[in-house]
Amino acid sequence: MSVVEGDGGSLAAVLPMDGSQVTQGGDRLDEADPRPLWQQLADLLRSRIECGELAGRLKAETALAQHYEISRDTVRRALACLAGDGLIRSTRGRGTFVLPPSERGS
């Protein structure tokens with residue numbers, strides 16, 4: 001499975017091997033939540049990575065910022081948190097990728 005870029009839909013739009021599209025709802029951040037927005041996004045992405053909903057290449061920072069209606073700096077902070085936890089790796093010019101479970105930090 002891989003995350004679809006540019007589909008205009010949910011971040012968790014995934015193409016299974018049969019080519020059908022699956023989207024997940026409930027991926028909005030909550031202004032009433034006492035946690036900072038970057039932490040909410042990091043927690044949301046972390047849970048989707050850990051359960052296998054997100055794999056492969058993530059959408060670009062600007063696309064994530066637009067989707068969640070937050071600043072790019074907020075997205076960067078969330079992604080930095082996930083990178084620090086060993087769940088993702090960013091490569092300049094290529095994008096941000098979810099690491100396979102065998103390569104993740106413990």
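Buried residues make up 38% of the 106 residues in the protein, where buried denotes under 20% relative accessible area, exposed over 50%, and partly exposed the range in between (1.4 Å probe, protein chains only). The model is a predicted one, in which local features need pLDDT of at least 70 and side-chain atom pairs count only at pLDDT 80 or more, while totals for chains, interfaces and linings use all residues. Residues are numbered from 1 along each chain as its sequence is written, and side-chain values use heavy atoms, with hydrogens and water left out.

The secondary structure comprises three helices and four strands; helices (H or I, at least four residues) and strands (E, at least two) are DSSP runs, numbered from the N terminus. Along the sequence these elements follow the pattern β-β-α-α-α-β-β. Of the contacts in the protein (heavy atoms within 4.5 Å) between residues at least 6 apart in sequence, 50% join residues at least 24 apart.

In soluble globular proteins, nonpolar side chains tend to be buried together. A nonpolar core is defined here as a set of buried Ala, Val, Leu, Ile, Met, Phe, Trp, Tyr and Cys residues joined through side-chain atoms within 4.5 Å. The largest nonpolar core has 20 residues, and those with the most contacts inside it are Leu41, Ile49, Tyr68, Val75, Leu79, Leu82 and Ile88. The elements that give two or more residues to this core are α1, α2 and α3. Helix α1 gives the most, with six residues. Ile49, one of the residues with the most contacts inside the core, touches Leu54, Leu82, Leu87, Ile88, Val98 and Arg104 when residues up to four places away in sequence are not counted.

Helix α3 spans residues 72–84. Its 13 residues reach 18 Å from the first C-alpha to the last, close to the 18 Å expected at 1.5 Å a residue; the expected span is 1.5 Å times one less than the number of residues. Within α3, Thr74, Val75, Ala78, Leu79 and Leu82 are buried. Viewed down the axis of α3, the buried residues fall within an arc of 130°, so they line one face of the helix; the arc is that of the directions from the helix axis to the C-beta atoms. The cover over the buried residues of α3 includes α1 (37–50), α2 (61–68), β3 (88–91) and β4 (95–98). Asp73 and Gly84 are exposed on the other side of α3. After α3 comes Gly86, with a positive phi near 75°.

Salt bridges were assigned where a side-chain nitrogen of Lys or Arg lies within 4 Å of a carboxyl oxygen of Asp or Glu. By this rule the count comes to eight. Arg35 forms a salt bridge with Asp43, with the closest N and O atoms 2.4 Å apart. Both of these residues are partly exposed, Arg35 at 34% relative accessibility and Asp43 at 25%. Asp43 also meets Arg46 in a salt bridge (2.8 Å, N to O). Arg46 and Asp43 both lie in helix α1, three residues apart, about one turn of the helix. At 16% relative accessibility, Arg46 counts as buried.

A further salt bridge joins the side chains of Glu61 and Arg76 (2.8 Å, N to O). This pair links distant parts of the chain, with Glu61 in helix α2 and Arg76 in helix α3, 15 residues apart. Glu61 is partly exposed, with a relative accessible area of 22%, and Arg76 is partly exposed at 39%. Salt bridges that share partners join Asp33, Arg35, Asp43, Arg46 and Asp85 into one network.

The structure holds zero disulfides, a disulfide being a pair of cysteine sulfur atoms within 2.5 Å. Cys51 is exposed, with a relative accessible area of 51%, whereas Cys81 counts as partly exposed at 21%.

Pro101 lies in the segment after β4. This proline is exposed, with a relative accessible area of 63%. Pro101 and Leu87 are 14 residues apart in sequence and 8.2 Å apart in space, C-alpha to C-alpha.
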